[in-house]
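Thanks for coming, everyone. Please take a moment with the sequence and the model before we walk through a few details.

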Amino acid sequence: MTALAKHSRFIAILVAGLLLRVLLAFVLYPRQGFSSDMQLFAGWATTLARVGPGAFYATASGADYPPGYMYVLWLLGNASAAALPLLLKMPAILADLGIAFILYWAARRWLGERAGLIAAALYLFIPVTWYDSALWGQVDAVGALLLIASLVLLIERQSEAAIALAVLAILVKPQEAIGLVVVLPVLVRRHLIESGSRRRLVTSAFAGAVTLVLPLVPFDIGGVAGLLRLFQTDADRYSVLTANAFNIWALVGATPLAQIIGGSGGSWTPDSLAIGGATAFIVGASALAAVGLVVAGGLLVREGRVPILLGFAIVAFSFYAVPTRVHERYLFPFFTAGALLAAEFVAASAGYLIVGLLNALNLHAILGAPLSVGAAVAGLGRGGGAGAIRGGGSGGLGGFGTQIASIRLPFADLARTETIVALVALGQTAALIALLVAWCFVVIRPRPIARAAKAPYVAWRPSSTS
C-alpha cells in the first residue's frame with residue numbers, strides 16, 4: 001500500500017478543510033475580514049519590503065507585534081499591491097493545515113488511526129478555526145502551530161526542540177507565553193527532580209535563549225529589553241475589564257460589556273474598577289497566577305501525555321476566561337491541545353464542541369458587522385473594538401484601506417444580544433471549572449484512574465498519566 005493510500009482518509013479531511021477555507025477567503029469574502037488589522041499587516045509587509053527589518057519599527061505605523069510574524073510579512077511584502085490583500089490570509093490557512101497534520105500524526109502515533117482522524121477533523125471544521133483565518137484574516141493559528149508542535153515534542157521527550165518552539169511562539173504573539181507554564185515545569189521535573197540528565201536542562205535553556213535572541217538581531221527593536229518594552233506597552237494598551245471577550249468580566253461593571261454589545265451603547269469599563277479592596281486587574285491577574293501555579297505544581301508531581309495536554313488546555317482557557325484586558329480570540333490555542341484530548345475521551349469531545357460553539361458566538365458577535373466600543377477609555381493606543389480604525393493614522397498602509405473591507409455576516413445582532421453574551425460568559429466559565437475538576441482527578445489524585453475498558457476509542461495506556 002502506498003503512503004498516499006495509507007493516509008487517504010486524512011488527506012481527504014485535509015483537502016476538505018483547505019477547500020472550505022479557500023471558498024470562504026477567496027470566493028465568498030475576498031479582500032474582506034477584520035479590516036483594520038489586515039490593513040496594518042499589509043502596511044507592515046510593504047514597509048519591510050521597502051526598508052528592511054533594520055529600520056522597520058522606526059518607520060512602520062502602529063507596529064506592535066514582535067518580530068516573529070514580521071518574517072512572514074517580509075516575504076509577503078514582495079507581492080504586488082493587488083495580490084497582497086488576498087495573500088494576507090494564506091499564512092494562517094496554511095498554519096491551520098499544519099496544525100491538523102500535527103494533530104493527526106500525534107494522535108495516530110499515541111492512540112491509533114481513528115483518533116488521529118477525529119483530532120484533525122475536529123480542529124479543521126470547528127468554526128472557531130476557520131473564522132479566525134479564512135474570514136477574519138487573523139494570525140492566531142501561526143503561534144498556535146508552534147505551541148502544539150512544542151507540546152508534541154515535549155511529550156516525545158525532545159526537550160531542546162520543545163522549548164525552542166515555545167519561545168519562538170512568543171516571538172509571533174506574546175500571548176503564547178502560556179506555553180512556558182507547561183514546558184518549564186516538565187523540563188525541571190525530568191532533568192532536575194528525576195534522575196534524568198541535568199545536562200539536558202542546560203542545553204534546553206541554551207536552545208531557548210538562542211531562539212529568543214537570534215530572530216531579534218536584524219530588527220531595530222532594541223534586543224530583548226526592547227522586546228519586553230513592546231510587550232509591556234501592548235499589555236497596557238487595553239486597560240479594560242474585557243476587550244470584547246465574552247468571559248465573566250463581560251457581566252461586571254456599572255455598564256457591563258453584555259449591555260454595551262447588546263445595544264445599550266457605552267464604553268469599555270476600565271479594569272481599575274474596585275473589587276473587594278483591590279482592582280479588577282489585580283483580581284484577574286492573581287486568579288490567573290493561581291491557576292498557573294496549580295498547573296505547574298501538578299506537572300512537577302506528575303507528567304505525561306494527558307497531564308501535559310490537559311495542563312495546557314487549562315492554562316490556555318484560563319488566559320481567556322480569568323484576567324482582564326482579554327480579546328475574543330485569546331481562546332484559540334485551547335482548540336489545538338483540546339482536539340487531542342477530545343480524540344481520546346468522549347466527555348472531552350462533547351466539551352470541545354460546546355466550547356467551540358460558545359466561542360464561535362463570541363467571534364461572530366464581534367466579526368459579523370462593524371462594531372466600535374471603548375473610544376472613551378483612557379489609555380487605548382491602537383483603537384477600540386472591532387471595526388474601529390487602528391494605527392493612529394494611515395501612514396504606512398499604502399492605500400490598502402481602499403482594498404480591504406470589513407466583513408459582514410448574518411445574525412450578528414442576534415449574537416450580540418445581552419442574553420447570548422451572558423450565556424456564553426457563564427457557559428465558558430463553567431467549562432473552565434470542569435477542566436480544573438478534571439485536573440484534580442487526573443493529576444492531583446490519590447491513586448491512578450481506571451484503565452483500558454473505560455477509554456472511548458483505544459485502550460488507556462499506563463504512560464498516559466505517569
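**Rings, charges and a helix**

Let's start with Phe56, which is buried, with a relative accessible area of 0%. Buried means under 20% relative accessible area, exposed means over 50%, and partly exposed lies in between, using a 1.4 Å probe and protein chains only.

A word on the source. This is a predicted model, where local features need pLDDT of at least 70 and side-chain atom pairs count only at pLDDT 80 or more, while totals for chains, interfaces and linings use all residues. Residues are numbered from 1 along each chain as its sequence is written, and side-chain values use heavy atoms, with hydrogens and water left out.

Back to the rings. The whole structure holds 20 aromatic pairs. Rings of Phe, Tyr and Trp (its six-membered ring) pair if their centres lie within 6.5 Å; planes under 30 degrees apart are stacked, over 60 edge-to-face, and the rest tilted.

Next, charges. A search of the whole structure finds 15 salt bridges. A salt bridge here is a side-chain nitrogen of Lys or Arg within 4 Å of a carboxyl oxygen of Asp or Glu. Take Arg190 and Glu303, whose side chains meet at 2.9 Å, N to O. Arg190 lies in helix H12 (residues 180-193), and Glu303 lies in the loop between helix H16 (280-301) and helix H17 (305-321), so the pair ties together parts that are 113 residues apart in sequence. Helices (H or I, at least four residues) and strands (E, at least two) are DSSP runs, numbered from the N terminus. Are these two partners buried or exposed? Arg190 is buried at 3% relative accessible area. Glu303 is buried at 6%.

Here is another bridge. Arg325 pairs with Asp271, and the closest N and O atoms are 2.6 Å apart. Arg325 sits in the loop between H17 and helix H18 (334-342), and Asp271 in the loop between helix H15 (257-264) and strand S2 (274-275), so this pair links parts 54 residues apart in sequence. Arg325 and Asp271 are both buried.

Now look at Arg329. Its salt bridge is with Glu328, at 3.6 Å between the closest N and O atoms. Both residues are buried. Salt bridges that share partners join Asp140, Lys173, Glu328 and Arg329 into one network. The charged end of Arg329 also sits over the ring of Trp136, 5.8 Å from the ring centre. That label requires NZ of Lys or CZ of Arg within 6 Å of the ring centre and within 35 degrees of the ring normal.

On to a helix. H7 covers residues 90-111, which is 22 residues. Just after H7, Gly112 takes a positive phi of about 115°.

Last stop, helix H10 (residues 140-155), where we find Leu146. Leu146 is buried, with a relative accessible area of 15%. Gly179 is 33 residues from Leu146 along the chain, and their C-alpha atoms are separated by 9.7 Å.

Methods: The expected span of a helix is 1.5 Å times one less than its number of residues.
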